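Here are my notes for someone opening this structure for the first time. Have a look around before reading on.

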Amino acid sequence: MPTIAHLKKGERAIIKEFPVDLVPLKLLEMGCLPGNEVALVQTAPFQDPMYLNINGSHLAIRKETASQIEIELIN
Amino acid sequence: MAKQFNVALIGNPNTGKTSVFNQLTGLNQKVGNYPGITVERKEGICKLDRGVKAHILDLPGTYSLNASSLDENVVIEVLLNKNDKDFPDVAIVVCDVENLKRNLLLFTQIKDLGIPTILAINMADRMKRKAISLQIPEMEKRLETKIALISSRKNEGFDELKELISNYKQLSTAPCVDASVIAPDYFDRLRKTFPNQDLYKLWLVITQDVNFGKLDRNAFQGVASFKTESKSNLKRLQQKETIRRYQFINETLKDTLQVDSANAKDFRSKLDRVLTHKVWGYVIFFGILLLIFQAIFDWSSYPMDFIDESFASLSEWTKNTLPKGDFTNLLAEGIISGLGGIIIFIPQIAFLFLFIAVLEESGYMSRVVFLMDRVMRRFGLSGKSVVPLVSGTACAIPAIMATRNIENWKERLITILVTPFTTCSARLPVYLIIISLVIPEERVLGIFSLQGLTLMFLYLLGFGAAILSAYLLDKVLRIKTKTFFVIEMPNYKVPMFKNVAITVIEKTKSFVLGAGKIILAISIILWVLASYGPGDFNNAEEIVRQENIGKTTSEDDIETQIASFKLENSYIGIMGKAIEPAVAPLGYDWKIGIAIVSSFAAREVFVGTLATIYSVGSEEEETIKNRMAAEVHPVSGVPRFNFASGISLLLFYAFAMQCMSTLAVVRKETNSWKWPLWQLGAMTVIAYVVALAAYQFLK
């Protein structure tokens, strides 16, 4: 299953599932919830951290967290 | 007079909440701390119609009522405790029109607490450009609230907002989301156990690790039994609650908010493409850093020289004008010299806070965090450590407080421990005066001034020491934490002059007043210790004249000899001589020793102390610098501040932890004496050893 860490710049996807314990509540509150859309805006060198647009909110998370969140790509 | 009522200003970070606060209160505001903690407390008075006044409390920015930091705890404590003197009669939730969806999450939580709530939608001036349209009446109905469309930048909509505040009694207190549907059984049990309590409030009390000391304990007795649910179960419920709230918000916005994305001009992504670029992003960041340092050293030197000279002449004028006596001496030599040593900082501090405020306000700081995270992580820090490390160049105290948004405890602790290595503005006067004494006024390659380069080297040394010790601490400290890192990337904004000006004035004022008090007190104590003494001190004149019998010493020289004899035999001289053996290997005499000891209270005291010690016993009008340059070794005749002792002093100040206020803040932020004491011990040892090595090598 692909995760946010696999996203390429400009790609969009729908958030599927993720282990609640490994993702901070703050991220959920900023809109990172199953069913919401996510797009990769920009990455820092080595793809880490990742600058995302989740559900209209712009935020950055580390690759480690991103790789916990499963997605389904939108074509 | 009508009774004042309480208004709480609440909102996500980056919604312009502070600008709204500034617009409502003008300069009629007070900045302080919440009792016992270092969270900044801003309050002010807003004048409404018919002489009614509203007391406005600007609560710290938060994304939700699920607190993960001290700042956010404050919000919950105020909102949950009806007996708190700050408990709001009405809450204003400030939202950014471009981030309504996310901002409304907090709004729904506040509503569910049953507090009358006004929704203030800020940055309404951007709606046209972003092709956003809102159906306000429908939205008001769905959210059971009153809405004010405002623009703090254009100062629009504030009359309507004030009108709503005045009529707060007509606001609905109905909740908008029923949180209990996420786990009906669980909430049923809660309802039966606490029939008189608000359910959502109970839920918050259960899920938060907040210190509810101020809350009515009796009311919540037995709540602990509901924490039996495992932590991850509770978190799963919190996730469900968040999803439920977003469902409600999405349904509401679907019918009330339209964004014509085809028309929206995207300024942000264009800027981001450059400012967060893998190469240009870093080039621009370092360019900005260079500009900041240039401003601080070059531009502020003019007002600083002026202040230095003005105080020297003021001191001289006082001595000549007021009647001779102890009081005049105390005023001229103790107080005025001491004050001069602090006021001279104002230009630099103001410049630094100006830049930091502009970078924060514009939204650029988040990009820096994004760019630097990966690099900083190699040293056990977080991208968010960049803000403390950069603001540490102004003052370690706000810098250490700025570590609060670092989620990971280990990264946060390391940042707190290493931040005092960065060159804070209190080190500057020490550096500046010593550099001007021991580094020649020459240019390298015809452009770069040698003195400027030395100063830049000291800054790099401070950063280097911080990074290196972070790396070591990362290896040594055994703390297991999850690496959480979430940062909002806000929209770019042109900083508002009013906000920046208020920040600069407030920060400079609190620095000058805070440090000023200590410096003033120490100056007076030092002056007394230097002006009085036991035994020989009181017979100084006779002793010196006796020694000079038969010699052809001029009257002037005898006067000088008497003065220095007095100083050496004063209380401070005796104390200084006692510690001289400890500082002599570093190349210092007892006067510098005293200055170092007294500057353990705060570094900038160093210059003030020397100013006080040297001006006691000298009659001419002189700047501090000239007095220091005139000091020579009594035996060899070498200037006291020579290259070797000067470098040794610079290095000592680069590494030593000489700031009681910083130690106090570290104590508060780490909640233990262990860390500040380690910090003090380690930094002092490093400073002593490095200064010793430098002096012995260079002399």
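1. Some ground rules. This is a predicted model, in which local features need pLDDT of at least 70, side-chain atom pairs count only at pLDDT 80 or more, and totals for chains, interfaces and linings use all residues. Residues are numbered from 1 along each chain as its sequence is written, while chains are lettered from A and ligands numbered from 1 in the order in which they are written.

2. Start with strand β4 (residues 57–61) of chain A. Strands here are DSSP E runs of at least two residues and helices are H or I runs of at least four, numbered from the N terminus. 5 of the 5 residues of β4(A) are buried, so the rest of the structure largely encloses this strand. Buried means 20 or more other C-beta atoms within 10 Å of a residue's own, exposed means 12 or fewer, and partly exposed is in between, with C-beta atoms placed from the backbone. Both faces are covered: Ser57(A), Leu59(A) and Ile61(A) sit on one side, His58(A) and Ala60(A) on the other.

3. Who are the partners of β4(A)? Strand β3 (residues 50–54) of chain A runs antiparallel to β4(A), joined by 5 bridges; pairing takes at least two DSSP bridges. The two form a hairpin with 2 residues between them, and Asn55(A) in the turn has a positive phi of about 55°.

4. Chain B is divided into domain 1 (5–259), domain 2 (280–463) and domain 3 (510–698), with bounds from an automatic or database domain assignment. The centres of domains 2 and 3 of chain B, taken over C-alpha atoms, are 22 Å apart. Their contact takes 41 residues from domain 2 and 46 residues from domain 3, where contact means C-beta atoms, placed from the backbone, within 7 Å.

5. Finally, Pro116(B) lies in the loop between α3 (100–112) and β6 (117–122) of chain B. Pro116(B) is partly exposed, because 18 other C-beta atoms lie within 10 Å. Leaving aside neighbours within four places in sequence, Pro116(B) is in contact with Val90(B), Tyr168(B), Leu171(B) and Thr173(B). Lys169(B) is 53 residues away in sequence, yet 7.8 Å from Pro116(B) in space, C-alpha to C-alpha.

Key: Contact = placed C-beta atoms within 7 Å.
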